Amino acid sequence: TMSAEVADRCIELLRGSKTVHTLDITGGAPELNPAFAKLVQAGRELGVEVIDRCNLTVLSEPGQEDLARFLADNKVRVVASLPCYSEKN
């Protein structure tokens, strides 16, 4: 899990960079990290494209009812992966 300090440092680096144009957030279910909204909002305020690599199951987690609206409102590009449902797996 990314700590608040690491998230703050990422935002600091974004603020100081003239060459970083994309913030690509990934890892398990990054939306469940307490710093996720802060990272997204900071990235968008800085004019950076924000990508959320999401497995979509998080949308049905308790407490995440507003996530889809948050992502849309912040113009986050969602790259979705779907779990495999074959009988072999």
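The model is predicted, local features need pLDDT of at least 70, side-chain atom pairs count only at pLDDT 80 or more, and totals for chains, interfaces and linings use all residues. Residues are numbered from 1 along each chain as its sequence is written, and side-chain values use heavy atoms, without hydrogens and water.

Glu49 and Arg77 form a salt bridge, 2.8 Å from N to O; the term requires a side-chain nitrogen of Lys or Arg within 4 Å of a carboxyl oxygen of Asp or Glu. Glu49 belongs to strand S2 and Arg77 to strand S3 (residues 77-80), so the pair ties together parts 28 residues apart in sequence. Strands are DSSP runs (E, at least two residues), and helices are runs of H or I with at least four, numbered from the N terminus.

## Helices H1 and H2

The axes of H1 (residues 4-16) and H2 (residues 36-45) come within 10 Å and cross at roughly 5°. Axes are lines fitted to C-alpha atoms, for helices over the stretch in contact, with angles from 0 to 180 degrees between N-to-C directions. The two helices are therefore roughly parallel, a class for angles under 35 degrees.

Asp8 and Lys38 are joined by a salt bridge of 2.4 Å, N to O. Lys38 lies in H2 and Asp8 in H1, so this pair links parts 30 residues apart in sequence.

Key: Angles under 35 degrees count as roughly parallel, over 145 as roughly antiparallel, 65 to 115 as roughly perpendicular and the rest as oblique.
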